[in-house]
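Let us take a friendly walk through this structure, one part at a time. Have a look at it first, then read on.

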Amino acid sequence: MQEFEYINAKTVSEAVTLLDEKGDKARILAGGTDLIVQAREGRRTLDWMIDIKSIPEVNELSYDSNTGLTLGAAVPCYQIYADDAVCNAYPGLVDATIIIGGTAIQGRAGVGGNLCNASPAADCIPPLIVLNATCVIAGPNGEREIPSEDFCTAPGQTALEKGEMLVSIKIPAPQQNSRSYYLRFIPRNEMDIAVVGAGAAIVLDEAKQRIISARIALAAVAPTPLYAEEASALLADREISDTAIDEAAQAAQNIARPISDMRGTAEQRTHLVGVLTRRALNGAIQRVKDDAA
Amino acid sequence: MSENKEYKVIGTRPIRHDGVDKVTGRAIYGADFQITGLLHGRVLRSPHAHAKIVSIDTSRAEALPGVKGIVTAQDLPAAEDKMADLGEGAVNLKYLCDNILASDKALYKGHAIAAVAATNPHIAGEACTLLDVEYEVLPPVLEVRQAMEPDAPILHDNIRTSSLGETGEKPSNVASHLQHKKGDIEKGFTEADVVIEREFVTGTVHQGYIEPHNATALYNPDGQLTVWCSTQGAFTVREQLAEILQYPISKIKVVPLEIGGGFGGKINVYIKPVAALLAKKTGKPVKVLMNRADVFEGTGPTPASYLTIKIGATNDGKITAAQTSLAFEAGAYPGSPVGAGAMCVFAPYNIENVLIDGYDVVVNKPKTAPYRAPGATNAAFGTETVIDELAETLNMDPLEIRLKNGAKEGDRRADGPVFPRIGFIETIEAAQEHPHYTSSNGKKHHGRGVASGFWFNIGLESSVTISVNPDGTVNLVEGSTDIGGTRASIAMQAAEVLGIPAESVNPTVVDTNSIGYTAVTGGSRTTYATGYAAYEAAQDVVKQMKARAAKLWDVDEDNIQFADGEFSSINGKEEQISFRDLSAKLSQTGGPVVGRATMNPAGAGGAFATHVVDVAVDEETGKVEILRYTATQDAGKAIHPSYVEGQIQGGVVQGIGWALNEEYIYNDEGEMTNASFLDYRMPTCLDLPMIDAVIVEVPNPGHPYGVRGVGEVPIVPPPAAIANAIYDAIGVRMTELPMSPDRILKALGKI
C-alpha cells in the first residue's frame, strides 16, 4: 500500500478547499469500506485522504413527515435501519442498507459513500432514484442540488466537479399509499455483489387497486444505475394487473445494456431485469396493501 | 450409531486439546511468527497466462531504499530434468523448481517470476512494481479439450505423451495416458438391455482454506536452515526444500505452526523455498506471505475435467459394463489426480467388464494440487449421474440399483485391488432407513437426489513417542499436522490403551528434528496411521510399565497384568497399582519411561459414503437452494464422533460449493477474473442447512480399533447428488459444474 497523507477536515469549507487544492489525488474518506480496500489493492492511487466524519453536516440524520429526510453523506447504514421513522417511510432504502456487507461493514459504510463510489451495482442507488432523492453538493462556488439519477456518470465516475463534495441526500416525504422496495439477485444468500438489482416505488389510489404513479430503477445492467423512465411511465394511472407489471418489466429489460463478466452473463442479466422488476413492483404493491388503512 | 461398550475413551467426545488456544486466539499460525531482524518478502507474479521471459531487470527495484535482496530463478541451483524423490512419489525436478520461480516461461497468470525482501511489506510490494520484466506473450490454452487438439499451443516442448509404455514422437500437452481393463467391455455392453452414455464437464475449483500460505526462513551462519510455516507435512516440506535448493536434508529444520485449513492444498511448497532463497541472500530471517489473489492464482486448484461415462445394465438393474474416458487438467506441469480419479470412478460397484482411460493434460492454469479425495469428485459426478439415469430408465429406486450392484468384501476393482471388509452396502441401507429418505418431497420445484462415493485412503509412515509424567499423565509427541481434530483422535487412542482419560494425554505436534519421519496429513491417513502409531507407542509404554511393576513387587514380568488402567500381579502375590500411582514411582524403579512406535500400515481400508439431498430450484432465476442434506458414511470406528461429523459436514459443504457456484472464471487472455472470496463463490453458513451426518461403523480389519479415514470421501457425492435432485425438481439433467444460476437458466431454455 502506497504512502498517503491523512487530513481530518472539520468543516465543509475546509474539505472543499482541500479538494480544490489537491485535485484528483485527494479522496474523501467516510466509511472507507470502498476507498481503503481500493488503496490497499492498488486500484486507486491517492496522496491525500480527507476524512469528513468530523463535519457536522455530513452526520445529519433527520426525518420530518412533512419535509422528508436529510441524510448526511457519512451516515452509516446501521443508523438508517435503526431509525424506526426512516424504516417506516422508506422501506426500499432500508432493503438496501441491510444487505450491504455484514453487520460490521454496515457500522461504517453509508449511502453517501455508496453513491460516490458510483459502482454500477450499488445497492443503495436504485432506492434513491425511485424515492426521488436529490444530492446536495458543496463546492468552491457554493451549493447545488442534482437528482440522484444524474449523480453517477460512468463506473466510478460522478457528476462531482473539481473541489466538490457530497454533503447530504434529501428524500421527499412519502405520499399517501406509497411504498418502496429493493431486491437484488445474487447466487448465494450473502457476501455477493448484485448480478442485477431492481428498485421500485409505487403510489396507489385510496382503494389500493389502481397505480397512480411508479418509479423503477435498475443496478448492474449498465455503466451506471438506471432510472427506467419508460417502464415507470407505463404504469401511471393503470389498474394493478399482471399485464401492466409484465409490460413494465419488458420496458425495463429494453433499457438494460449489461455486460458479461465474472458475476453474470449479459443474457442472464437481461433476463433477470424482467424477473426482478416484477418482484420489486409486486413487493412495493404488497407493502401498500399490507399497510393499515 | 452403534453403542460400543467395550471402550472407555474411544467413541466419546472430549474437548479437543488445542481448543482453548484456538478459540482464545492464542494459537500461533504461520503468519503470526515473529523473530528479531525480520525482513518481509513479496513475490512478483506473471501478468500473462503464457509467455517467454525475455529478461528481468532488477536495477530500479534494487535502488529503492529498504530493499535488501532480490531473487529470480537464477538463484535456484540449476535444475536438471531428473526425478526428485519426495518420499511419496517422484517428481520432475525442473518442473518443481520452475513452479517456484519461472526460469524460461511463465505458464499461468500468477506464476512466480521474482521476489524481493525489504524492511517492510509495503516497500517489498512497491519494489515489485519496479522490477522490469520483458515478456514475449504467447497464446494460452485454457481448457483440456482444446489442449488435446493437435494444433493447440504447446506449453512444454519436451513433453511427449507417455501412453501404456509407449512415448509419443511430437511435443504434446497430453503428458500421459493410463488405462485399466477388467473383463470384456464389448461383451458387457452386448449383455446390457440399457446403455447410457453421457459427457460431463467440471470447472477448476480451489481448496479455499482461510489461511493463505506463509513461510519464514532463516539461515544460520553454520548453514542450518530453519523454516517456520503452516503445512500439512513438515517432513514433505523438508524433502521439497532439500530437492529444490539442492541442500542437505540434515541441515534443514521445518517447524510446523498452526494451520488454517489445507484440504490437500498445503502439501506442495510455493513460497517456502523463496523465503529460504531471500534469507540466504540477505543473511536475515525473511517472512513471505500470500494474499488471497496470490493463493487463487499461484497455488494448486483441483483440475477442471472432461469425462465420458458409459454404463450398461440389464432390465433387472444388474450393471454389466462401464467405460470412461477421463481427461484432467494438470495445470502448468504434469501431475493431475487423474490416476486417483481412475481408481475411484467405478469403485463403488462390482462390475464385471470395465474399461477406464485417463489423460493427464497440461494447460495454462496453476499447477493443480491435491484437494480432498483428488479426482474422485470429478469422476463420481459422471458415474453417479448416469447411474441415476439408469435407475430412472429401469424404473428402479436409485438406492436399490446401488444396493444391487454395490461392492462388497472380495470384489475386485478394475485397477486391481480386492476389497477387504468394507461398508458401502451399510451406507446405502442407512440412507434408505433415514427419515429423510422415507419422508415425502412432493412440492413443486423441489427435488431429491442421491449419490454415493468412494475414496481409497492411505497409510504411510508415522512416528509417535509417549513419555510418562509422574502425575500419571503422558506427553504424546507426533509429527502429523492437526487440521481436523487429530490431536484429539490420536491422543484418545493412546488414552484407551493406557486406561487414562483423554485429558491426561498432552499431544504436541513437533518439528522435523524432534520426531521420526511422518508423512503428510493427507489421504485421510492421520487418525488411522498416526493413531495406529500412538496405539503401538502406548503398548510400548504398557510393556515398560509392566516391567516397573514387576520390579516394584519383585515378581516376574510375565506375572503382571494390565487392564482398566490398573497393573496387577497374578500367580501368587496379590498386588495392584494404578497407572497413575506407578507413574510416580518411575525414578525409584529405573528412571523415565518413553514409549515409541513407527508405523507404515498397509490396511487403510476404503471409505464409502451415500448422500441424500433435497433442493428447491427458483425457475425464474436459476438459483438452487439446499433444503435438507443427509450424509451416511462408513467411519470404521469413530474415535471422536464430533470430529467425524465435522469432517463429513465440511466435506459436504465443499462439495455443495463445487456443485453450485465455485469455479475459476477466465477471460480470453487467460486471466482469472474472480480471484477473491467475493467473486469465487464459496457457500457461507447462510446458504446451507444443517448437514445431518450419519456415522456407520463397519470396523476396518487393518486397524486395532477398526478406524477408517473419514476426511475425504464426503466431498465425493455432493455434485452428483445435487444434479440428480435438480433433475427431480425441474426435469433437466445438468452435466456441467458448477450448476450456477446462469447454467440452470440455459438448461431451462430461459436464456
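A residue is called buried if 20 or more other C-beta atoms lie within 10 Å of its own, exposed if 12 or fewer do, and partly exposed in between, with C-beta atoms placed from the backbone. Helices (H or I, at least four residues) and strands (E, at least two) are DSSP runs, numbered from the N terminus. This is a predicted model, in which local features need pLDDT of at least 70 and side-chain atom pairs count only at pLDDT 80 or more, while totals for chains, interfaces and linings use all residues. Residues are numbered from 1 along each chain as its sequence is written, and chains are lettered from A and ligands numbered from 1 in the order in which they are written.

**A strand in chain A**

Why is strand S10 (residues 165-171) of chain A largely enclosed by the rest of the structure? Six of its seven residues are buried, so the other parts of the structure largely enclose S10(A). Two strands pair if DSSP finds at least two bridges between them, and the table shows two partners of S10(A).

| Partner strand | Bridges to S10(A) | Sense |
|---|---|---|
| S5(A), residues 68-72 | four | antiparallel |
| S6(A), residues 134-139 | five | antiparallel |

Within these pairings, A:Leu71 has A:Ile169 as its bridge partner in S10(A), and A:Ala138 has A:Met165.

**Domains of chain A**

Domain bounds come from an automatic or database domain assignment. For chain A this gives domain 1 (5-51), domain 2 (58-171) and domain 3 (178-290). Between the C-alpha centres of domain 1 and domain 3 of chain A there are 34 Å.

**Two helices in chain B**

Axes are lines fitted to C-alpha atoms, for helices over the stretch in contact, and angles run from 0 to 180 degrees between N-to-C directions. The axes of helix H18 (residues 641-660) and helix H19 (residues 718-730) of chain B come within 8 Å and cross at roughly 55 degrees. H18(B) and H19(B) are therefore oblique to each other; under 35 degrees counts as roughly parallel, over 145 as roughly antiparallel, 65 to 115 as roughly perpendicular and the rest as oblique. Residues are in contact if their C-beta atoms, placed from the backbone, lie within 7 Å. Among the residues that meet here are B:Trp658 of H18(B) and B:Pro719 of H19(B).

**A sheet in chain B**

Four strands make an open sheet with mixed pairing, in the order S25-S24-S23-S29 (chain B). Its edge strands, S25 (505-509) and S29 (594-599) of chain B, each pair on one side only. Strand S23 (residues 462-468) of chain B runs antiparallel to S29(B), joined by six bridges.

How values were computed: Two residues are in contact if their C-beta atoms, placed from the backbone, lie within 7 Å.
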